[in-house]
Amino acid sequence: MSQTATLRFGPDTEWTLSVPANIPVTRCGDPRGEVLDDPAAAVSAALIDPLGHPPLHQATVAGDRVVLAVERGLPQRAAVLTAIVEALLEGGVAPSDVVV
């Protein structure tokens, strides 16, 4: 016996797979939450105090090379990326070692 799992990616692409019944499948709907007035501030706050991990600036050091993969449709992309890159720079990562 099998179950069906649908994987969505990109703005309008999905794959439907048949998965054996003994393999756990978690179904996740669309993201839920509220629209943020200041996404950059929210990202900065999350990077300063992530759940169960040290702040990003403490988890990076000079010489680290970082690639940021960003979806094309990310709302307020520049503000969000600015907050992330600022945290990386604070941790000692060189601007030339960050690729978006």
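Is Gly10 buried or exposed? I looked this up to open my notebook: Gly10 is exposed, with a relative accessible area of 53%. My cut-offs are under 20% relative accessible area for buried, over 50% for exposed, and partly exposed in between (1.4 Å probe, protein chains only).

**Ground rules.** I am working with a predicted model, where local features need pLDDT of at least 70 and side-chain atom pairs count only at pLDDT 80 or more, while totals for chains, interfaces and linings use all residues. Residues are numbered from 1 along each chain as its sequence is written, and side-chain values use heavy atoms, with hydrogens and water left out.

**Where Gly10 sits.** I found Gly10 in the loop between strand E1 (2-9) and strand E2 (13-20). I also checked its distance to Gly73: the two are 9.1 Å apart in space, C-alpha to C-alpha, and 63 residues apart in sequence.

**The layout.** I listed three helices and four strands, in the order β-β-α-α-β-α-β along the sequence. Helices (H or I, at least four residues) and strands (E, at least two) are DSSP runs, numbered from the N terminus.

**Overall form.** I noted a radius of gyration of 18 Å, whereas a compact globule of 100 residues would have one near 13 Å. That radius is taken over C-alpha atoms, and the globule rule is 2.2 Å times the number of residues to the power 0.38. The C-alpha trace spans about 50 × 30 × 25 Å along its principal axes. Of the 100 residues, 18% count as buried.

In soluble globular proteins, nonpolar side chains tend to be buried together. Here I found that the largest nonpolar core has eleven residues, including Ala40, Val66, Leu68 and Ile84. Helix H1 (39-48) and helix H3 (77-90) are the elements that give two or more residues to this core, and H3 supplies the largest share, five residues. Such a core is a set of buried Ala, Val, Leu, Ile, Met, Phe, Trp, Tyr and Cys residues joined through side-chain atoms within 4.5 Å.

**Around Leu68.** I set aside neighbours within four places in sequence and found Leu68 in contact (heavy atoms within 4.5 Å) with several residues, among them Leu81, Leu88 and Val100.

**Last stop, Ala94.** I traced Ala94 to the loop between H3 and strand E4 (98-99). Why does Ala94 count as partly exposed? Ala94 does so because its relative accessibility is 28%. Ala94 and Thr60 are 34 residues apart in sequence, and I noted 11 Å between them in space, C-alpha to C-alpha.
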